[in-house]
Amino acid sequence: MKNCHRLIAAGLALAFTAGAASVAQAQDFPDKSVDYVIPFGPGGESDISARLQQPYFKEKYGQDMVISYKPGGGGAVGWSQLNSSDGDGYTVMGINLPHIVIQPATKDVGYTTDDVTGIYWFHYTPDAIVVPADSDFQSLQDLIDYAKENPGKVTMSGSGKGTANHLASIRFDEMADIKTTYVPFKGTGAAVTALLGNQVLAEWGYTTVGAQQGDKVRMLAVAMDERHPAFPDVPTFKELGFDLVGGAYRGIAVPKDTPEELRQKWSDIVGSINADEKFKKQMLDGGFALIDVPYDEVPAFMEKRKAEYLKAAKSAGIVK
Amino acid sequence: MQIDARSTESRDVGGVVAAFALVVIGAIALYDTAGYADIDSAVFPRTVAIALILSSLGYIVYAFLRRPPAEERNPGTTPRRVALVAVMLLSVAAMPWIGFIASGIIAFLCLILVAMHDPWTRQRAILYPIVGIAIVLGFFALFRYGLLVPLPKGRLF
Amino acid sequence: MLGEHLAQALTPLNVLLALGGVAAGTIIGSIPGLTATMAVAVLVPLTFTMDPASALILLGAIYTGAIYGGAYSAILLNTPGTPSAIGTTFDGYPMAKRGDGDLAVTIACLGSVVGGLVGAFFLLTLSPPLSEVALAFGPVEYFWLAIFGLSLIAALSEGALAKGLMGASLGLLLSCVGVAEISADVRLTFGSQTMIGGIEVVSALIGLYCIPVLIDLVATPDRHLKVEAEQRGFRLSEAVPIVWREKINVVRSSIIGTVVGILPGAGGSVAGLVAYAEARRAARQGQKYGSGEPGGVIATESANNATVGGGLIPTLVLGIPGTPPDAIILGALLVQGVRTGPQLFESQGSIVYTFIYGLFLATLLMLPVGLLIGRYAYKTVVTLPKALLVPSVAFMTIIGSYAIRNSVSDVIIMISLGAVGWVLARVGIAASPIVLGIILGPIAEQGFVQAWTIGSAIGDLPGMFFGRPISIAIILFTLVSLFLPVIQARMRARRMPNAD
């Protein structure tokens, strides 16, 4: 009995401290380590970019950022469980576009796009057409000309279907009025391997591929507003007359019962890491393109992307 | 006559039942593939489901034509087997409510009972539960703090 | 030059890291569910503060230790601790059942060390040319490789081919469950959220192999493994001659392991299975693979440890990870600011060569460390009373299958598959064909869909599937391994017409 009382007392004490904490939490947040859940396996691009953020969080906020993985279903397993985690600000999850738009639109995956409380979109890997260094395609026009003469014969590898690569392929084919064959691979790594092995003629990849593979590949165009600082010689699609800007966007989200002040706090945290000069350089060298979409701008950003992705997905026949 | 009676008995009833079940599974899978938007996702499961159905049907025919060698009987008590699976499933189901440690310890203690074939002595009655609790706590510490695995927390406490 | 890098690899800190890494890796790998990938991933943040070469040595040591550690539970509990050790169960567990578990563990250690050294040797000497292998393998080659792997079920299900095919088809079907990897559909989940992530390979392995063992363990009062009364030490005096007799097997398996390790789409599990299939095909008369033949353990273990060196070849030369743990090592390198690629060997040779010598060192250290830990693992499993062994192993299967993806669904799937697997095994449908299906399914499907897409685009489907040299070679190998045993048996029967 005595033990029982003690237990209740301890429980009440705990409840009080928890209540008190929630009032003051935004000021001295974070006061312990935070969990950063990546809904993919280790070693992927989402993991690597989280790993790059990790030391800056520790440096600026003095607490550890513990990365854990919840892979499965192309991210769907993690995102469908996001809202059942504690909304105390100490759990955040990586989110990706176009995944969180396309997945719920195609089938019941246990979450909807609006279930995901996005806090900040911090970078994207811009779409790019990549060819091997010894390819005959010297410019984007070469590829378009060849595709016009040989409809469907230009094989292009890419990561998965319903992905940034796939949607870019569909949108570009429409814009250039050509027909290419998109070959889906499991992840960017496999798509690059197929390109380097000459299994396909070109790849729908990202600027990060250009950064990693160096002079073994050539990028014909990148889907950015302006040229990527790391590749000043590679034209943008816009320069060449195609209004194609985008790629795979990454950001963070929190469980839906996370209080407003903590959401704002996280938005500030990610923004401050993104603003760090050393971090910026690291990301640009890696081929990433930094963007800043803080918490209050997320809804507008999402609306625009949603419309764009769903249109492309419809013409691809992935979404009915 | 005696030989006939034995031969019907020694037909692979279990195998045939399993084969029928697999035919049903194959058929359900075939039905599921009809709903895919992308033909690329349907090709492989469809082929495999057909292979499953054909090999299972083939086996059913084979089993009626030929007698398999008499199978060895598996000794042992069924209740303990069922109890093992039941305890494991229940402890996993309980995890989101009572948390990882509590459900782990309870499952461990129950499984000691399920697996206990030796007579209980006082020493064993004291030692085994202690060892069990130590193992659960040890692994919890290793996974939670050593390997940084976010183990399930209980909703109740 | 070489002496300088060797000296850098042998600093006290690096030796200590290699030793600690191997020991930690071995222990982690021996726990079902804790894979080499996870062991490496957990340690990555620790390495950020180290210099790149030391960080790599630690990660490489953990990786190689974990691949070996998977053999313990494969031999002693019939449960591959990592997917790489699937083939180890085929003969290792029967050895343990008849009381030779300690011998099997020692043989596995010797095989792993030799395999690891061979893989590291190729990494050191032939990296740039060998990395081309990764590129020569296109989708259609992966498809045929998977078919070759599936041909192993003919051998694994002796006398009951139909049941083997049923099991394999079921496994292939299970591999489709969840969100499709390269297309955009959700398959065979029937609306269930538990299934949306698909069937995780490692938890399926744990369920199909380990749960049936537990189910039968609790049913009878018999001991788990046969125990010999006298102390026998490591049984090195028996193990070394056995491995020496299998020297061709060791070399062949190590080379297979290196080459399969180079292939980004394959990995240690496929390497072990291919090496096992080849060892079995080349079996001498009187060798009974599948019922406790040491050659089976040697083949799998030398092959899977050779994938460590092999997998690092495309990782370092092409920036394309050869195996899943390599993907994490590559990520760690990027964070460290080390750029991979052909120029890496010249521009940052000191890091690379120091790392490779460190890998040699770690592999050599695996011999004493592995033997010691192996003996301890054997003793624990053999002497632990059943009433403690069963709950401990059951608890490990739960926490292990949870930890792979931090998912309760995986645990539920693991236990359910185990119960179904036990029932199926009772009616003669063994676990191994199902597991083969689950592992090879995605490789076969992706290879097929991609090859079909490309073949249709270039308008030459027959040429795509049957016209490429490597494909033809794999197809021939498959045919040989399927029909050679039959032909050999016929010829033997003809030669000895009077034999019964």
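This is a predicted model: local features need pLDDT of at least 70, side-chain atom pairs count only at pLDDT 80 or more; totals for chains, interfaces and linings use all residues.
**View 1. Overall form of chain A.** Chain A holds 11 helices and 10 strands. Its C-alpha trace spans about 85 × 45 × 35 Å along the principal axes. Among contacts in chain A between residues at least 6 apart in sequence, 76% join residues at least 24 apart.

**View 2. The two domains of chain A.** Domain 1 of chain A is made of residues 30-124 + 247-316, and domain 2 of chain A covers residues 125-222. Taken over C-alpha atoms, the centres of these two domains are separated by 26 Å. Where they meet, 18 residues of domain 1 of chain A are in contact with 18 residues of domain 2 of chain A. On the domain 1 side, helix 4 (99-106), strand 9 (247-254) and helix 11 (298-316) of chain A each supply at least two residues. Helix 11 of chain A gives the largest share of that side, five residues. By class, the domain 1 side divides into 10 nonpolar, six polar and two charged residues.

**View 3. Helix 2 of chain A.** Helix 2 of chain A has 17 residues, and at 1.5 Å a residue it should span 24 Å; its end C-alpha atoms are 24 Å apart, which agrees. Which residues of helix 2 of chain A are buried? They are Glu45(A), Ser46(A), Asp47(A), Ile48(A), Ser49(A), Ala50(A), Arg51(A), Gln53(A), Gln54(A) and Phe57(A). Just after helix 2 of chain A comes Gly62(A), with a positive phi of about 70 degrees.

**View 4. Chain A against chain C.** In this contact, 48 residues of chain A meet 44 residues of chain C. Several elements of chain A each supply at least two residues of the side that touches chain C, among them helix 2 (45-61), strand 2 (65-69) and helix 3 (76-81). Strand 6 (181-185), helix 7 (187-196) and helix 8 (207-213) of chain A also each supply at least two. The side of chain A that touches chain C has 18 nonpolar, 22 polar and eight charged residues.

**View 5. Chain B against chain C.** Here 59 residues of chain B and 50 residues of chain C take part in the contact. Helix 2 (13-33), helix 3 (39-65), helix 4 (78-98), helix 5 (100-115) and helix 6 (122-146) of chain B give two or more residues each to the side of chain B that touches chain C. The largest share of that side, 14 residues, comes from helix 3 of chain B. By class, the side of chain B that touches chain C has 41 nonpolar, 12 polar and six charged residues.

View 6. The domain assignment of chain B gives domain 1 (2-65) and domain 2 (78-146). The C-alpha centres of these domains of chain B lie 38 Å apart. Gly154(B) is placed in the segment after helix 6 of chain B. Is Gly154(B) buried or partly exposed? Gly154(B) is partly exposed, because 15 other C-beta atoms lie within 10 Å. Leaving aside neighbours within four places in sequence, Gly154(B) is in contact with Trp97(B), Ile98(B), Gly99(B) and Ala102(B). Gly154(B) and Ser103(B) are 51 residues apart in sequence, and their C-alpha atoms are 9.4 Å apart in space.

View 7. Chain C has 21 helices and two strands. Its C-alpha trace spans about 70 × 65 × 55 Å along the principal axes. Of the 500 residues of chain C, 66% count as buried. The largest nonpolar core has 321 residues, and those with the most contacts inside it are Leu111(B), Val40(C) and Ile75(C). Helix 5 (residues 86-136) of chain C gives the largest share of this core, 21 residues. Beyond neighbours within four places in sequence, the contacts of Ile75(C) include Thr88(C), Gly92(C), Tyr93(C), Met95(C) and Ala96(C). Gly101(C), Ala104(C), Val105(C) and Ala108(C) are also in contact with Ile75(C).

Key. Residues are numbered from 1 along each chain as its sequence is written. Chains are lettered from A and ligands numbered from 1 in the order in which they are written. Two residues are in contact if their C-beta atoms, placed from the backbone, lie within 7 Å. Helices (H or I, at least four residues) and strands (E, at least two) are DSSP runs, numbered from the N terminus. Ala, Val, Leu, Ile, Met, Phe, Trp, Tyr, Cys and Pro count as nonpolar, Asp, Glu, Lys and Arg as charged, and the others, Gly among them, as polar. Domain bounds come from an automatic or database domain assignment. The expected span of a helix is 1.5 Å times one less than its number of residues. A residue is buried if 20 or more other C-beta atoms lie within 10 Å of its own, exposed if 12 or fewer, and partly exposed in between; C-beta atoms are placed from the backbone. A nonpolar core is a set of buried Ala, Val, Leu, Ile, Met, Phe, Trp, Tyr and Cys residues joined through C-beta atoms within 7 Å.
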